[in-house]
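Below is a set of questions and answers for a reader who meets this structure for the first time. Please look over the sequence and the model before reading on.

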There are 2 protein chains.
Amino acid sequence: MKPVRVSKRGETSPASPIRKLVPLAVAAEEAGRKVHKLNIGQPDLSTPGPMWDAILKEPPRVIAYSPSDGIPELRRSMAGYYERNEIPIRADQIIITTGASEALCFAVGSITDPGDEILIADPLYANYIGFSHLLGVKVVPVPTRPEDGYHLPPREVWESKLSSKTRGIVVCNPGNPTGTVYRPDEVEMILDIAKDWGLFVLADEVYREFCFDGETHRSFMHYPESTDRIILVDSISKRFSACGARIGSVATTNADVYKACLHFAQARLSPPTLGQLMAVDAFGFEDAYYKDLAAEYQVRRDAVMDELSRMEGVLCEVPKGAFYAMAKLPVEDADDFASWLLTDFEFEGETTFVAPGNGFYATPGAGRQEVRIAYVCEADVMRRAMKVLGEGLRAYQAR
Amino acid sequence: MKPVRVSKRGETSPASPIRKLVPLAVAAEEAGRKVHKLNIGQPDLSTPGPMWDAILKEPPRVIAYSPSDGIPELRRSMAGYYERNEIPIRADQIIITTGASEALCFAVGSITDPGDEILIADPLYANYIGFSHLLGVKVVPVPTRPEDGYHLPPREVWESKLSSKTRGIVVCNPGNPTGTVYRPDEVEMILDIAKDWGLFVLADEVYREFCFDGETHRSFMHYPESTDRIILVDSISKRFSACGARIGSVATTNADVYKACLHFAQARLSPPTLGQLMAVDAFGFEDAYYKDLAAEYQVRRDAVMDELSRMEGVLCEVPKGAFYAMAKLPVEDADDFASWLLTDFEFEGETTFVAPGNGFYATPGAGRQEVRIAYVCEADVMRRAMKVLGEGLRAYQAR
């Protein structure tokens, strides 16, 4: 009898920094503590009523497969939403996916072969590493600095990371985990690099409307002459507070990329039907909806920044978008600190769950003192969670 | 400016034989024809009422992410279902996935590196080729014959297909597209080969209860000494008529495989929440539910077989399970015939949509005269669809 072994791919698959401490949080809750879950981008806002109406008023008799590219009504509704955002994408250039995760998987799959490389500004959304790993693709980090507000480094830094295997650049704008909103000149620099070196740009714009302090969002799709090298990724998770519906999209004007993504989409049959039904009307929401949404998150951000600014030794640039902040803490190992908060600490019966920052860096050793804070709860709750975090910091240092 | 090109992976991604003719069917419907859709395993049975109650009676306020491995209640409910099926899997050995498709993707990903190979009896469920392709893995077909009822060839045929890159064997039992229910000696032969050559067995048992004529299902998990090399894939799609819920699972007693799959699962955050809520009670359904289900599909199968037996030149072994039949037609190119049925034919305003058989073969050139018929509609409708198919055959031959 010969034993079996998982593959190198399986053995080296990375754990999610957002999820890996979840068992500790579950244990803390089971022990009776209240846990403020700021580790994950799970908004506390109600999923809008009109979305529920779509399935509750007249539930389908059979939950059937949808077309592999998604139900036509949803694609049409999204195309209208894109038009209002001055993004030139037609309904037949959109493929509905199971969350932005699957969209990214299809997009990376369509432009890479195993062994190829993609460039991503570091720190980065940790799951980019996860599904690149699954596809046999290497993530090459391009470092950014907290003191620059995690804005992009100059062109020569990007070019120093290119190799003959580089196939694309992934840009999350506004950024997760940094909250950075890229300026037009940064978007244009990336496009210029892509044009000069024959690269695709994967534009992850799921936080498009989450811009604060009067910032406006510049999409890669606002450059009509370049759209054939852009693959646009979107999601209903954050903007409609429906993370568990698992509905995203991949869109492109590039017919070859579209075809590859469609074939990948056919192989998994279809995205979830109920979530699609719920999303149709949501993409018709008016501007006021998004204005209120951004205003609400700006209040939350301000609460977090205010509390962080009172904590000694904590550094945090004011994020201009999304709903995350990377904070540098006065600890040597933020991973240990985050675990400790869950296993050993409580303040008046409460603790705070943050995501260790090192998991958001593809650069080995980077981010050891950082944590990602998702300001997904209302301002008062965020203030309380920050207070608990501050007390935790003091207690941790005093051990 | 340097142009962009999709990768070899993207360029050579295979279209689904089940889905690729869908645009022709849509056009036929738009032209006013009724299309009997037997191309896809989409049952016409209502999704059971108790499943709807789970979300309609008290909808959650927020559609939130679930744990990456699925909601605990569902995993516990599934573990109970497995126990009743004498399958030794605990709740903490189950990862809920977005359909069996994702389960297979994780399973293959955990045991292969790019360039590795997996063996599958040919004809096969076409999407195995799709996600293996996405993962850079080669499907090596092991031929079976219609005249053997697509039962497995002897051990030496399997061994002749092994290479140093072979990592596992995928077995769909009961089989899609063949409807074959494997005998215990076949299951044991596969296990023996796996043991002797250090291979995993991916057991796709989504049609477990769909066995006819008194056949009983033998699971690979019924061999307790071998479970560490088995990866069990399941789904709610067919047994609960909820294909669009996109809920499946991957389960294993092998801790390394479990960990790899969990990390892949974390990278895509979570499976759909609503489908999970619906599935909890469903896995508590009693035996009578499954007996009725199998009886209903047996009636449908009998109707199809009866009609096919009246068509001159059509060969079709009586399938003993699942809800598919591979039929060999008296045409040279069944792909062309299936397209023609949609574009050029109608009988009293109706036509029948079947899936070309060649797409279910990984062996080049095989299956050119075959089609797959999914008997997913009630018996009267199936009889009518077969009558229309028969008329189509006559007309096609008379052109």
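**Reading the predicted model**

In chain A, A:Glu348 sits in the loop that runs between α12 (334-343) and β10 (350-353). The model is a predicted one, and the questions below start from this residue.

Q: Is B:Ala322 buried or exposed?
A: B:Ala322, in the loop between α11 (287-309) and β9 of chain B, also has a positive phi, of about 55°, although it is not a glycine. The cut-off for a buried residue is 20 or more other C-beta atoms within 10 Å. Because B:Ala322 has 29 other C-beta atoms within 10 Å, it is buried.

Q: What is the omega of the peptide bond from B:Asn173 to B:Pro174?
A: B:Pro174 belongs to the loop between β5 (166-172) and α8 (184-197) of chain B. The peptide bond that joins B:Asn173 to B:Pro174 is cis, and its omega is near -5°.

Q: What radius of gyration does chain A have?
A: Chain A contains 13 helices and twelve strands, and its C-alpha trace spans about 65 × 60 × 55 Å along the principal axes. For 399 residues, a compact globule would have a radius of gyration near 21 Å, and chain A agrees with this, having 21 Å.

Q: What share of the 399 residues in chain A is buried?
A: Among the contacts in chain A with a separation of 6 or more, 75% join residues 24 or more positions apart. As for burial, the buried residues of chain A make up 56% of its 399 residues.

Q: Which strands of chain A pair with β8(A)?
A: In strand β8 (residues 248-251) of chain A, A:Gly248 and A:Val250 point one way while A:Ser249 and A:Ala251 point the other way, and all are buried. Within the pairings, A:Thr97 stands opposite A:Gly248, and A:Asp234 stands opposite A:Ser249. Each pairing is antiparallel over four bridges, and the partners are β2 (residues 94-97) and β7 (residues 230-235).

Q: Which strands stand at the edges of the open sheet in chain B?
A: The open sheet has three strands in the order β9-β12-β11 (chain B), with antiparallel pairing. Two bridges join β11(B) to β12 (residues 370-374), where B:Ala355 has B:Arg372 as its bridge partner. Each edge strand has a single partner strand, so one side of each is left without a neighbour in the sheet, and these strands are β9 (324-328) and β11 (355-356) of chain B.

Q: How many of the 13 residues of α5(A) are buried?
A: From its first C-alpha to its last, α5(A) reaches 19 Å, close to the 18 Å expected at 1.5 Å a residue. This helix is largely enclosed by the rest of the structure, because the number of its 13 residues that are buried is 13.

Q: Against which helix of chain A do the buried residues of α10(B) pack?
A: Helix α10 (residues 273-282) of chain B has eight of its ten residues buried, so it is largely enclosed by the rest of the structure. These buried residues include B:Leu274, B:Leu277 and B:Met278. They pack against α3 (49-56), α4 (72-84) and β2 (94-97) of chain B, together with a helix of chain A, α10.

Q: Which element gives the largest share of the side of chain A that touches chain B?
A: In the interface, 76 residues of chain A are in contact with 76 residues of chain B. The side of chain A that touches chain B divides into 33 nonpolar, 26 polar and 17 charged residues. The largest share of this side is seven residues, and they come from α9(A).

Q: Which C-alpha of chain A is nearest the axis?
A: Chain A is superposed on chain B by a rotation of 180° with 0.0 Å of shift along its axis, and the two copies are thus related as by a two-fold rotation axis. At 2.7 Å from that axis, the nearest C-alpha in chain A is that of A:Leu135.

Conventions
Residues numbered from 1 in each chain as written. Chains lettered and ligands numbered in written order. Predicted model: local features only at pLDDT ≥ 70, side-chain atom pairs only at ≥ 80, totals over all residues. Contact = placed C-beta atoms within 7 Å. Nonpolar A, V, L, I, M, F, W, Y, C, P; charged D, E, K, R; others polar. Least-squares fit on C-alpha atoms with pLDDT ≥ 70 in both. Rg over C-alpha atoms; globule rule 2.2 N^0.38 Å. Buried ≥ 20, exposed ≤ 12 C-beta atoms within 10 Å, placed from the backbone. Pairing = 2+ DSSP bridges. Expected span 1.5 Å × (residues − 1).
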